[in-house]
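Thanks for making the time this morning. I would like to walk through a few parts of one structure, starting with a helix and ending with a sheet.

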Amino acid sequence: MPLRPTDSSALLVDGKLVPGSSGVFDIVNPATEEVIGQAADADATDMDSAIQAARRAFDTTSWSRDHALRARCLRQLRDALQGHIDELRDITIAEVGAPRFLTSGPQLEGPIADLGYFADLAESYEWERDLGVAAPMGIKTHRRVLKEAVGVVGAITPWNFPHQINFAKIGPALAAGNTVVLKPAPDTPWCAALVGKVIAEETDIPAGVVNIVTSSDHALGAQLSTDPRIDLVSFTGSTATGKAVMAAASESLKKVFLELGGKSAFVVLDDADINGACSIAAFTVATHAGQGCAITTRLLVPREKYDEAIAATKAGLAGLAAGDPDAPGTICGPLISAKQRDRVESYLKLAVEEGGTIECGGDRPSDKERGFFVSPTLISGVGNDARVAQEEIFGPVIVIIPHDGDEDAIRIANDSPYGLSGSVWGADPDRVEHVVAGIRTGTLSVNGGVWYSADAPFGGYKQSGIGREMGVAGFEEYLETKLVAAPAQ
Ligand code: NAD
């Protein structure tokens, strides 16, 4: 059955596709500003029903103990989604403004395939570990460690890579035996609602195990953070909202897992190929208009090569003009909304007020009358203490900052409230390794290495988050540990 967008205007609550109690809200294509359809608009009562359903499914069914069923259902979901891949691709491009080339990777195909990795983990994970016999306080005791699901997971996600982030939560949460209430961002409800439709119509995932609640109201995320029936909040979004989630969750002392913002450094050492490194830095920040938490947005280059690096980065950005995300060659699409474009433009104004120079970009592309586009931009002439170097802009904007050698580069890279990602470029492996060891961050690429894959843990140091997504570490975020001690024979 085709996944027409109009069909997707439903919530998934307790196994049923139902309308939102607040009616519907518009979905806008960020590349054209056209309303492309509506999504179901849930209110607090819908969220309450979804939480109730997830709680019931966890407490009264064998889902959390039936590892084989969960593995089968996850593979079934993966296969069903792959059967709709072309429709999902079109909708992802239209709703997210995601460049088409990214849908072959982390914007769509990658995260769907990753469900298979989590299905495999459900089967292969060591759910019980034998600690052997000991005699604490003189009593001979046999101890076992059982790994169990945490319970009901409230998943709150942003709009920039909706499939990747939705599946990086649903996949491990279900594989580990939890039930889920997913609240996607108001900007990208279809990406989630279509998954709800596939789950309801094409899988054996039991009613209540996955609930998907689209809404124009951010308060439904807050509801997930406070409701005592939720055991774990798995949140991806801005650091400011993450702090609000953590504070709200503390009332019922629920577990929180936070994937937050970043302002990652791209460190070029003095023995690196400056042209090669700067052209990759340019490509990275232009990709999806810089709307990636892990995108490197501070380019740290040797002081003596500052001008050369500016020229190389400008040359790289010149070939990456913002354009139609549906076109196969587009790297830099639109920003998600007028609000986000306003935010990015306010930082471009701030850069000049802070004494910076806009080396290229800094404006809207002249050939675009509609769409939330901003040209890829390079800012020079500011220090790392400038607000444009400290705060997350979340647009196609990179700040170039000079460093005075390896130690200085490490110091500047670490002079940030964030610690999510980063990149190090250099020819001498020992020096590169020294810089890698010095930077306080959750993910580092060396000389262009790619860190994204299902088995690779991803997450942040400092104010970039708590916990890890993906990999075994990401799976274990969704587990509790139970120690069982019985008299030994
Ligand atoms: P956001 O924080 O505004 O919203 C994220 C989600 O939180 C949305 O679903 C929103 O409805 C919900 N929300 C809003 N207020 C809430 C509240 N008080 N309580 C609970 N939920 C609430 O973020 P965004 O603008 O959608 O996304 C961009 C941000 O996400 C950037 O800061 C980016 O760095 C971050 N991000 C981080 C990662 C990562 O893995 N570290 C990945 C992608 C995006």
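Before anything else, when I call a residue buried I mean that its relative accessible area is under 20%. Please also keep in mind that this is a predicted model.

With that cut-off, helix 3, residues 85–96, is mostly covered, since nine of its 12 residues are buried. The buried ones are Ile85, Leu88, Arg89, Ile91, Thr92, Ile93, Ala94, Glu95 and Val96, and what they pack against is strand 3, strand 4, helix 2, helix 4, helix 5 and helix 6. The length of helix 3 can be checked as well: at 1.5 Å a residue its 12 residues should span 16 Å, and because its end C-alpha atoms are 16 Å apart, the two agree. Helix 3 is followed by Gly97, which has a positive phi, near 75°.

Two of those packing partners also meet each other. The axes of helix 2, residues 67–82, and helix 6, residues 189–202, come within 10 Å and cross at roughly 115°, and the crossing is right-handed. Helix 2 contributes Gln76, Leu77, Ala80 and Leu81 to this contact, while helix 6 contributes Val195, Val198, Ile199 and Glu202; by class, that is six nonpolar residues, one polar and one charged.

Seven strands form an open, mixed sheet in the order 14-15-16-13-12-18-19, with strand 14 and strand 19 at the edges. Strand 18 and strand 19 run parallel and are joined by two bridges, and Val424 stands opposite Val446 of strand 19. Helix 14, residues 429–438, packs on this sheet, touching strand 12, strand 18 and strand 19, and its direction makes about 160° with that of strand 18.

Note on methods
Residues are numbered from 1 along each chain as its sequence is written. This is a predicted model: local features need pLDDT of at least 70, side-chain atom pairs count only at pLDDT 80 or more; totals for chains, interfaces and linings use all residues. Side-chain values use heavy atoms; hydrogens and water are left out. Axes are lines fitted to C-alpha atoms, for helices over the stretch in contact, and angles run from 0 to 180 degrees between N-to-C directions. Helices (H or I, at least four residues) and strands (E, at least two) are DSSP runs, numbered from the N terminus. A crossing is left-handed if the near helix is turned anticlockwise from the far one by less than a right angle, and right-handed if clockwise. Contact means heavy atoms within 4.5 Å. Ala, Val, Leu, Ile, Met, Phe, Trp, Tyr, Cys and Pro count as nonpolar, Asp, Glu, Lys and Arg as charged, and the others, Gly among them, as polar. The expected span of a helix is 1.5 Å times one less than its number of residues. Buried means under 20% relative accessible area, exposed over 50%, partly exposed in between (1.4 Å probe, protein chains only). Two strands pair if DSSP finds at least two bridges between them.
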